[in-house]
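Please look over the sequence and the model before reading on.

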Amino acid sequence: MSELENPNENIYSLTKDEEEILKPKKDFFIKGVLIFGGLFFLFSLYELNIDYANLLEGTGAFFAMLIDMFPPNISEWAYVLPAAIESLQVAILGTVIAVVISLVLAFLAAENLAPSLWVSRIVKGFATLMRVIPTIIWALIFIVAVGLGPLPGVLAIAVHSLGMLIKVFAQSVEEMDEGKIEALKASGAGWIQIIAQAVIPTVLTALMSWTILRLEIDIGESTILGLVGAGGIGWELMRAMRSYDFNSALFITMVIFIMIFSVEMLSNRLKLKV
Amino acid sequence: MNPILQIENLDKVYPDGTVALSNINFSVYPGEFVVVIGPSGAGKSTLLRCMNRLIEPTNGNVIFKDKKINQASARQVKQIRREIGMVFQNFNLIDRLTVLNNVLHGRLGYTNTIKGSLGIFSKKDIAEAEEILDRVGLKKQKYKRADELSGGQMQRVGISRALAQRPRLILADEPIASLDPASSKNIMDHIYNICTEDKITAIVNLHQVEVAIKYATRIIGIQNGEVIFDGQPSQLTDRIIDEIYHNRKPPLVHAQ
């Protein structure tokens, strides 16, 4: 700020020598993190003391089991297919609930729209809390609260997805050109009008692709949720494995694969559209 | 004649300590076409945004039609803003919406929250928006998406949006800085003619002195957040222009 002390000096003068740029200091932080990460990896490898012979043996056993699983037993399709559909329903319901709620909360979380920085911080903190607890833990919590069945699954997916969607929706809104918000503000529009007429149309494609991505993840998660008793196809898989009915387990696995794969195909098509 | 806008002892200091405006005083009378000139970073944009309180002034008063904007409640500020149209350098249209819809945004302040949010406007508003588009020569483009227009067309939509407010005052922040020379002339002609015909007062930020001299009824020169010239275009001598643009003091915004 030394120039300010001499306001008459013309700092734009072309005759004045250019200021020498100092060589930037090396960033020791990144280097330290990398070195620490490498050392920790080696330490873990040593400390966990993995028996590699076991790994080899296990691979053999694994393939033996795979062969054992053939052919898939499709006789129980009448139970498996409805369960698959239930998983799909749980995922869709959970995702839709999360999208609707996050659409309200994301605008409170986005710093360029939040009524105050504190509101933004509180909503973001709340979102982080929901996000860091995995869906399966949420499912266990909700099973205690509301009992077994699809409901805890729906709630678990809704809560965990909400945590992520608030964050990514708010980020999309924050990346938006401030001028567009300013323009509507200047015309006397209110907060809700600005969101509905300027923000949503501008970030719509981002919101849609995040929603599709989240639905994809949630379909995967809803199949897993069955394992802890939150209904759906995961529950069927669990049952088959427990009774060593590997042939049924293979069929169920194939159904899950087809389900997730087709959703991914569909969402890829959708993403091309938006 | 009472001034439409009075600026009294206006200061703006940003939280990082940058002094953007210091002790600005002037009054704007109805029908004036005021052009504010000055180098980049002189505080022109900040000054304009203090007028409709998009930026909160640190000290001083901004009085629009005898109402102190700086002391108004949030609700009153919205009502005052309805009467002040604003035109931007980057147009700030909503890309995915139609031209007509963008113009109708100028009516949001007069439309209730739910209808406005859903984009439901009265027949009268729509007819008026179409009339304004006709005036700027964009009637045929009304159903085009805003991002399909050229820069000059976008700015005409920007002007139309401001006009849809039926404003008493138009603030234009570098309206031609992103346009080619032909479009620039077209846009300045539109702003000037419309303001003259409709008796709208205008305050326009520009950095091209020739353009300022051509259109302005009054020129205000700003440097380092202070008014260093306020008078008629004929009084603006080369020496003063030089003072505004060349003998710069250290810039307001320090690269940090």
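## Parallel pairing in chain B

Strand β3 (residues 33-37) and strand β9 (residues 218-223) of chain B run parallel and are joined by four bridges. Within this pairing, V36(B) has I220(B) of β9(B) as its bridge partner. Strands here are DSSP runs of E, at least two residues long, and helices are runs of H or I, at least four, numbered from the N terminus. Two strands count as paired if DSSP finds at least two bridges between them.

This is a predicted model: local features need pLDDT of at least 70, side-chain atom pairs count only at pLDDT 80 or more, and totals for chains, interfaces and linings use all residues. Residues are numbered from 1 along each chain as its sequence is written, chains are lettered from A and ligands numbered from 1 in the order in which they are written, and side-chain values use heavy atoms, without hydrogens and water.

## The six-stranded sheet

β3 and β9 belong to an open sheet of six strands in chain B, ordered β6-β7-β8-β3-β9-β10. Its pairing is mixed. From one strand to the next, the twist averages 15°.

## Antiparallel pairs and a hairpin

Strand β1 (residues 5-13) of chain B runs antiparallel to strand β4 (residues 59-64) of chain B, with five bridges between them. I7(B) stands opposite V62(B) of β4(B).

β4(B) is also joined to strand β5 (residues 67-68) of chain B, by two bridges and again antiparallel. Here F64(B) faces K67(B) of β5(B). The hairpin of β4(B) and β5(B) has two residues between its strands. K65(B) takes a positive phi near 45° there.

## Helix contact in chain A

Helix α3 (residues 77-109) and helix α4 (residues 117-132) of chain A cross at roughly 135°, and their axes come within 7 Å. The pair is therefore oblique. Axes are lines fitted to C-alpha atoms, for helices over the stretch in contact, with angles from 0 to 180 degrees between N-to-C directions. Under 35 degrees is roughly parallel, over 145 roughly antiparallel, 65 to 115 roughly perpendicular, and the rest oblique.

α3(A) contributes L105(A), L108(A) and A109(A) to the contact (heavy atoms within 4.5 Å). α4(A) contributes V119(A), S120(A), V123(A), K124(A) and F126(A). Six of the contact residues are nonpolar, one is polar and one is charged. Ala, Val, Leu, Ile, Met, Phe, Trp, Tyr, Cys and Pro count as nonpolar, Asp, Glu, Lys and Arg as charged, and the others, Gly among them, as polar.

## Domains of chain A

Chain A divides into domain 1 (16-69) and domain 2 (77-273), with bounds from an automatic or database domain assignment. Their centres, taken over C-alpha atoms, lie 31 Å apart.
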